[in-house]
Amino acid sequence: MSSDDRAEEAAAAAESAQQQQQPLEWRFAQVFGERAAGEDVQEVDIISAIEFDKSGNHLATGDRGGRVVLFERMDSGDSASRKELERQEYPIARHPEFRYRTEFQSHEPEFDYLKSLEIEEKINKIKWCQTANNALFLLSTNDKTIKYWKVQEKKVKQVSVMNSNTSRSSDNGSTSSMGTNSCTALLPNGGCSEKLYSPNNNVSFPPGGCTSLRLPVVVTGQDLNHVPRCRRVYAHAHDYHINSISNNSDGETFISADDLRINLWNLEISNQSFNIVDVKPANMEDLTEVITCAEFHPTHCNTLAYSSSKGTIRLIDMRQSALCDSHAKLFEEHDVPGSRSFFTEIIASVSDIKFARDGRHILSRDYMTLKLWDLNMDSRPVATFQVHEYLRPKLCDLYENDSIFDKFECCLSGDGLRVATGSYRYILILTL
C-alpha cells in the first residue's frame with residue numbers, strides 16, 4: 001500500500017470519527033398521504049407494517065386494509081460511492097427523498113368456516129427478498145396467510161393507427177365510421193367480428209359486413225408501469241396468528257412464527273413447510289409461555305433466534321436436529337431479589353428482536369426497556385435503555401385498560417451505531 005493510500009485512509013477514518021462525535025440533527029424531511037384539513041382518518045388507511053430493503057433505496061408499507069404501497073429513492077440510480085462523489089465535487093444530498101412507485105391489494109378479508117373465525121386483511125409484517133432481473137420481491141402476511149410478491153417494470157404498448165378506412169360505403173350507399181383504435185377479425189363467411197378489441201364500444205359496421213382484416217400498423221406510447229404479481233401463497237400452516245416472518249441469508253428459505261410454532265418454508269414451495277420449533281405442551285393447561293418473535297441470523301443460514309413472553313431469547317442451531325427443542329444459548333436477565341411483583345412477567349415479555357448487521361448483537365424490546373445483547377454473553381445485556389420508566393407508578397391503570405399489553409418494535413441502523421424504538425408520544429433514537 002502506497003503512502004498516498006494510507007494517507008487517504010487515515011483522513012477518511014479521522015473524518016468518520018469526527019462525524020460520530022458530532023450529534024446528529026433529526027428533523028422532519030418528507031411525508032406521504034397527508035390528509036386535508038377536517039378529513040377523518042379511515043381505519044383501513046392506518047399503517048400497520050413498514051420496512052426498508054437492505055439498500056435503503058426502497059420502502060414498503062402495509063395498512064389495515066390489506067394494501068401494500070411501495071416507494072423508491074429518487075437518487076437511487078447514483079451508484080457512486082461517497083469518496084468518488086467528493087472527488088467529482090458533486091454535492092451530496094442532505095437527506096434522501098422518496099417518491100411513490102406503486103400499490104396493490106395484498107390480502108382480502110377471509111372467513112375460517114372450521115373455526116368460525118373472521119380473518120382480517122390487515123398486514124402484520126413485510127419483508128424484502130433478494131432482487132433479481134431488476135424486479136422487486138417481498139413477503140407480506142396477515143394473521144394466517146403469507147404471500148410472495150414480484151413487482152416488475154413492464155412497457156405498455158398502445159395502438160395509435162390501424163389499417164382501416166375512416167369511412168366505408170355499404171351496398172345501400174350508407175356510410176359508417178370506424179375508429180382508429182378498433183380491431184376486427186374475419187369470420188368464415190367473409191364477415192368480421194368486433195369481439196377482439198373495441199375500447200370505445202361505439203364502432204358500427206355496415207350491414208353487409210367487412211371483407212378485410214384490420215390490423216394495427218403503428219404502435220406507440222411505451223410507458224413503464226410497475227406490475228405486481230403474486231408468485232406464491234403460503235397458507236394453512238398456522239393454527240394461531242402469525243406474529244413474525246424472516247428471510248434467510250441463503251435467499252431460498254424463510255421462517256414464519258405464531259404463538260406456539262415456527263415453520264421453515266422454501267420460497268418456491270407453497271404447499272409444504274417444516275416445523276422446526278414447537279412449544280405446544282401436551283396439555284394446554286401447562287402452557288407457561290408463548291413465542292413472540294423470530295428472526296434469522298443475518299449471515300449464518302443455520303442460526304435463528306426467537307423470543308418469548310417470559311422475557312427470554314433463545315438461539316438455536318438447525319444443524320443439531322430437525323425439531324429444535326433444545327437451544328444453543330439462552331439469553332435471560334435474572335430479577336433482583338425482592339423486586340418481583342404482579343406485573344413483572346407481563347412487562348418482561350419481549351415484543352420484538354432484531355439482529356445487528358454484524359451478527360454479533362441482538363436488540364430486544366419489552367414494555368419498559370430496550371436491551372442490547374452480545375451473543376458471547378448470555379447472562380445479562382451489555383446495555384439497557386429505560387423507555388417507559390415514567391409509567392412504572394401507573395402500571396395498575398395500564399393493566400385495567402389493557403395498555404400494558406401493547407407491542408413496540410425496535411431496529412438498528414445499517415452501521416450498527418444507532419438504535420430506535422417507539423413509544424406513545426415519541427420515537428426514541430439512541431447512539432451506542
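Are Phe104 and Trp149 buried or exposed? Select the two residues to start the tour: both Phe104 and Trp149 are buried. The model on screen is predicted.

**Aromatic pairs**

Next, colour the rings of Phe, Tyr and Trp. Across the whole structure, a search finds 16 aromatic pairs.

Select Phe32 and Phe71, one of these pairs. The ring centres of Phe32 and Phe71 are 4.2 Å apart, and with 35° between the planes the pair is tilted. Show the surface over both residues. Phe32 is partly exposed, with a relative accessible area of 35%. Phe71 has 8% relative accessibility and therefore counts as buried, the cut-off being under 20%.

Return now to Phe104 and Trp149. Their ring centres are 4.5 Å apart and their planes meet at 40°, so this pair is tilted. Phe104 is part of strand S4 (residues 98-105) and Trp149 of strand S9 (residues 146-162), so the contact ties together parts that are 45 residues apart in sequence.

Then select Phe342, Phe343, Tyr399 and Phe405. Ring pairs link these four residues into a cluster.

**A four-stranded sheet**

Switch to the cartoon view and select strands S23, S24, S25 and S26. They make an open sheet in the order S23-S24-S25-S26, and the pairing is antiparallel. At the edges are strand S23 (352-355) and strand S26 (383-386), each of which pairs on one side only. Looking across the sheet, the twist from one strand to the next averages 15°.

Zoom in on strand S25 (residues 369-374) and S26. The two strands run antiparallel and are joined by four bridges. Which residue in S26 is the bridge partner of Leu372? Select Ala383: this is the residue in S26 that partners Leu372.

Why does Ile429 count as partly exposed? Its relative accessible area is 34%, and partly exposed covers the range between the buried limit of 20% and the exposed limit of 50%.

Terms used:
Residues are numbered from 1 along each chain as its sequence is written. This is a predicted model: local features need pLDDT of at least 70, side-chain atom pairs count only at pLDDT 80 or more; totals for chains, interfaces and linings use all residues. Side-chain values use heavy atoms; hydrogens and water are left out. Buried means under 20% relative accessible area, exposed over 50%, partly exposed in between (1.4 Å probe, protein chains only). Rings of Phe, Tyr and Trp (its six-membered ring) pair if their centres lie within 6.5 Å; planes under 30 degrees apart count as stacked, over 60 as edge-to-face and the rest as tilted. Two strands pair if DSSP finds at least two bridges between them. Axes are lines fitted to C-alpha atoms, for helices over the stretch in contact, and angles run from 0 to 180 degrees between N-to-C directions.
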